[in-house]
Amino acid sequence: MAKYCIGTAQFGMPYGIANRNGQPNLDEIISILNFALSKKIRYFDTAQSYGNCEALIGRALRNIPNSHNIKIISKLSPSLENNNSKRILKSVEDSLKKLGIKTLYGFLAHSKNDIDSETFFETMKKLKSEGLIQKSGISIYSPREALNLITHPGIDMIQMPLNILDRRWIDEGIFEKAKENNTQLFFRSIFLQGLIFLNEEELVQKSMSWAKPHLHKFNKLVNETNYTKLELTLGILSEMSKENVIIMGFDTLEQFKENWNIINSSSLIDNKTVRDWWEKLPFFPNRLLNPSKW
């Protein structure tokens, strides 16, 4: 079975183009984390820049009796200088204090700019030696970045956007290269921030009319299958993720339960459906696949 991680960006700030619920309150966060732990999900992804997210997770975990063995990944705040070792060390210590844990499973640079300085990786070595983090890595945006960084000795894990509109990662052989280099992959933005669920009227309201022809092609492909968009996304990515981790973010516990029911459905996508999907999928432009371009 694939491994899963709870994305928590929406805990600390309104997140996602299709977000209709806003930020969940503390009780809802506790319910989401409790449900995750009950399903043996141990990975949680956060960041120093996600508002008060780390503090909220810490408060939630204090209210959950079986929260041991959790694996939390956080990310360096973009506002910190990548060549200031003391500030990076202090930021990790602050994150651990807010989260109420002794060590981070992973600590990631937010972009390639953060790792241009040797100081960053020297600091990562120090954090590992002191037991404050287990793994270091980076959050990236494109297959080209992955190809450039996947063999870097200081990169233990890579967080990358992967959804069923984007075939570039498959065509570039990213999964095979990661396995060769013992690099753990985390797949984020699996619903393209919810864009795949928007109808034409909602696209107009979001000033994204330009995306309509692309999503029309996507919707046509979906209609050729016997699955919904949600089923296809969870099924295809789960089938591809035996050695990697899928990040899922939720605004409500009900969303989580709906997704989990699909993941555990006996009709989850088979290998042939996965192969057929990627063979038929057209190339979509970077403007659609990269939310920073919207």
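Start by selecting helix H3, residues 53-62, where the buried residues are Cys53, Glu54, Leu56, Ile57, Gly58, Ala60 and Leu61. Buried here means under 20% relative accessible area, exposed means over 50%, and partly exposed lies in between, with a 1.4 Å probe and protein chains only. Helices (H or I, at least four residues) and strands (E, at least two) are DSSP runs, numbered from the N terminus. Because 7 of its 10 residues are buried, H3 is largely enclosed by the rest of the structure. To see the cover, show helix H1 (9-12), H2, E3 and H4, which are included in what lies over the buried residues of H3.

Before moving on, a word on the model. It is predicted, so local features need pLDDT of at least 70 and side-chain atom pairs count only at pLDDT 80 or more, while totals for chains, interfaces and linings use all residues. Residues are numbered from 1 along each chain as its sequence is written, and side-chain values use heavy atoms, with hydrogens and water left out.

**The barrel**

Now colour the strands. How many strands close into the barrel, and in what order? There are 8, running E1-E2-E3-E4-E5-E6-E7-E8, with parallel pairing. Two strands pair if DSSP finds at least two bridges between them. On average, neighbouring strands of this sheet are turned by 30° against each other, direction ignored. Axes are lines fitted to C-alpha atoms, for helices over the stretch in contact, and angles run from 0 to 180 degrees between N-to-C directions.

Next, pick helix H4 (residues 85-99), which packs on the sheet and touches strand E3 (71-75), strand E4 (104-109) and E5. Contact means heavy atoms within 4.5 Å. The direction of H4 makes about 135° with that of E4.

Follow the sheet to strand E5 (residues 133-139), which pairs with strand E6 (residues 157-161) in the parallel sense over 3 bridges. Select Ser139 and you will find its bridge partner in E6, Gln159.

Then go to strand E8 (residues 245-249), where 4 of the 5 residues are buried. On one pairing, 5 bridges join E8 to strand E1 (residues 3-7), in parallel; Gly7 has Gly249 as its bridge partner there. E8 also pairs with strand E7 (residues 184-188), in the parallel sense over 2 bridges, and Phe187 has Ile246 as its partner in E8.

**The cores**

Switch to side chains. A nonpolar core is a set of buried Ala, Val, Leu, Ile, Met, Phe, Trp, Tyr and Cys residues joined through side-chain atoms within 4.5 Å. Which residues have the most contacts inside the largest core? They are Met160, Ile236, Phe256 and Trp277, in a core of 95 residues. Helix H2 (residues 26-38) gives the largest share of this core, 7 residues.

Centre on Met160: not counting residues up to four places away in sequence, it touches Ile140, Trp169, Ile174, Phe175, Leu185, Phe186, Phe187 and Arg188. A second, separate core has 9 residues, including Cys5, Leu108, Met157 and Ile247.

**A pocket**

On a 1 Å grid over the protein atoms alone, a pocket is an open set of points with protein on both sides within 12 Å along at least five of seven lines, and lining residues have an atom within 4 Å of a point. About 420 Å³ of space lies in this second largest pocket; grid points are joined across faces, edges and corners, and the volume is the space filled by probe spheres set on the points. Helix H8 (residues 174-180) supplies the largest share of the lining, 4 residues.

**Loop stops**

Is Asn182 buried or exposed? It counts as exposed, at 69% relative accessibility.

In the loop between E7 and helix H9 (200-205), select Gln193. Phi of Gln193 is also near 55°, but this residue counts as partly exposed at 25% relative accessibility.

Finish at Leu281, in the loop between helix H13 (271-280) and helix H14 (286-289). Leu281 is buried, with a relative accessible area of 2%. Leaving aside neighbours within four places in sequence, Leu281 is in contact with Ile164, Leu165, Asp166, Arg167 and Leu221.

Methods. 1 Å grid on protein atoms, 1.4 Å probe; cavity = no way out; pocket = protein on both sides within 12 Å on 5 of 7 lines; lining within 4 Å.
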